[in-house]
Amino acid sequence: MLLAAPAHADELRDAVAADMPELMALYRDLHAHPELSFQEVETAAKLAARMRDLGFAVTEQVGRTGVVAVLENGEGPTVMLRADMDGLPVVEQTGLPFASKQVAVPASGVETGVMHACGHDTHMAAWIGAAQQLVERRDSWSGTLVMILQPAEEIGEGALAMIEDGLYTRFPKPDYVIAFHDAAQFPAGMIGYSPGFALANVDSVDIVIPGIGGHGAYPHTTRDPVVLASAIVMKLQTLVSRESSPLDPAVVTVGSFHAGAKHNIISDEARLQLTVRSYTDESRKLLLDGIARIARGEAIAAGMPEDKMPTVTVQEPYTPATFNTPDFTEEVMAGFRARFGEDRVMQVPSVMGGEDFGQFLRADPDGVKSLIFWVGGVPQEQFDAAQRGEGTLPSLHSPFWAPDAEKVIATAAEALTAATLDLMPANGG
């Protein structure tokens with residue numbers, strides 16, 4: 001896929017281009033100094049100061065490390081633009097001259113390198129770019145602009161933390177919520193979107209399976225939790241293949257299976273860790289209820305006593321599915337097509353990855369319209385080589401992910417600005 005030149009150049013695009021040296025300097029600084037989830041103290045302070053300088057009323061420490069910046073500009077709708085701030089516990093291997101050398105201690109307690117391996121540095125730089133353009137164009141729009149920096153997206157907790165800390169009560173409640181995410185599967189500068197469900201519910205499930213341990217030579221004196229856990233793993237596969245509708249996407253993956261410590265000892269416990277993906281609340285319930293039922297049923301079939309039934313724990317909070325309001329999504333994308341050209345704006349399949357952006361719609365499903373879109377980040381030369389089978393592309397969260405940041409930031413800053421201007425015409429329309 002080769003992206004053609006923009007459909008037309010205009011004043012907004014030229015203005016964003018003029019800001020790009022400054023935005024790229026910010027991007028490189030953010031990239032070199034990532035911070036882990038709920039540790040984004042310096043990042044938040046740095047960007048909050050920029051927003052104050054632009055004239056926003058800024059509140060820090062919303063949802064622990066989040067930032068809310070408000071600019072009131074007459075009568076009209078309220079639009080909220082969101083960027084996420086946190087990096088990942090990944091040792092960077094991109095070879096970039098501004099590669100991160102940061103280290104930190106995540107919740108695991110083990111010191112690690114830190115990297116913006118999901119591109120949140122491009123999100124923040126584009127967010128600042130949009131803020132600058134909207135401030136410069138205050139005569140062209142009317143309403144209230146709420147711009148938020150969200151912490152802890154990578155652990156799926158930051159959006160909810162901000163909401164529970166009064167995002168919709170302490171500050172103007174949005175009519176529209178918009179964000180973007182860089183994409184490691186599309187060429188740089190492409191815009192992708194999915195009306196309706198865009199990303200999945202994400203549940204982390206732990207199953208502790210008691211057994212009756214003993215000597216490996218005398219299995220008849222034991223109740224082997226490895227065999228029981230294996231039966232549970234295999235039976236779990238039927239939840240998607242035989243209980244969930246084939247038209248309703250679902251995933252049940254056992255990512256970890258731990259038991260025992262020696263060749264000839266039958267353990268007295270096994271542990272499973274699952275990731276469970278779905279879109280609808282109904283599908284999520286079917287899967288989670290099925291996991292609990294299967295774990296108990298297989299234990300009964302194995303002859304386990306009632307006091308040694310498996311324990312199934314669903315971690316809270318979970319990451320809810322992200323739903324793009326269909327009519328709103330199509331309206332915004334029609335504007336993007338006119339601005340960027342048909343070849344750069346494409347409907348793409350939904351994914352089973354997770355993104356806690358969905359919390360902003362769930363907090364007020366009747367009053368908010370929501371959209372998150374993709375901006376491709378793969379350098380064109382790399383994308384073309386991969387299309388020819390001459391290499392593979394690193395994914396998001398890879399230590400090798402190095403997007404074409406200039407194209408991502410320029411495209412996203414222009415898109416966020418244009419969408420906001422369309423939603424908030426001067427004097428309320």
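Pro151 touches Phe38, Glu40, Gly63, Thr65, Gly66, Met85, Asp86, Gly158, Ala159 and Met162, leaving aside residues up to four places away in sequence. A contact here means heavy atoms within 4.5 Å. The model is predicted: local features need pLDDT of at least 70, side-chain atom pairs count only at pLDDT 80 or more, and totals for chains, interfaces and linings use all residues. Residues are numbered from 1 along each chain as its sequence is written, and side-chain values use heavy atoms, with hydrogens and water left out.

Pro151 sits in the loop between strand 6 (143-150) and helix 4 (158-164). Helices (H or I, at least four residues) and strands (E, at least two) are DSSP runs, numbered from the N terminus. Pro151 counts as buried because its relative accessibility is 0%. Buried means under 20% relative accessible area, exposed over 50%, and partly exposed in between (1.4 Å probe, protein chains only). From Pro151 to Ala83 the C-alpha distance is 8.9 Å, across 68 residues of sequence.

Ala152 belongs to the loop between strand 6 and helix 4. Its phi is near 55°, a positive value in a residue other than glycine. Ala152 is buried, with a relative accessible area of 0%. Gln61 also has a positive phi, of about 60°, and is not a glycine. Gln61 lies in strand 1 (residues 57-62). At 63% relative accessibility, Gln61 is exposed. Most residues other than glycine have a negative phi, and most peptide bonds are trans. A cis peptide bond joins Glu316 and Pro317, with omega about -5°. Pro317 is in the loop between strand 15 (311-314) and strand 16 (322-324).

Aromatic rings come next. The structure holds 8 aromatic pairs. Rings of Phe, Tyr and Trp (its six-membered ring) pair if their centres lie within 6.5 Å; planes under 30 degrees apart count as stacked, over 60 as edge-to-face and the rest as tilted. One aromatic cluster is formed by Phe180, Phe336, Phe340 and Phe373. Arg64 lies over the face of Phe38, 3.8 Å from the ring centre. Arg284 lies over the face of Tyr318, at 3.5 Å from the ring centre. A charge sits over a ring if NZ of Lys or CZ of Arg is within 6 Å of the ring centre and within 35 degrees of the ring normal.

The average pLDDT of the protein is 96, and 97% of the residues score at least 70. Over residues 4-8 the pLDDT is below 50. pLDDT is the predictor's confidence in each residue, from 0 to 100.
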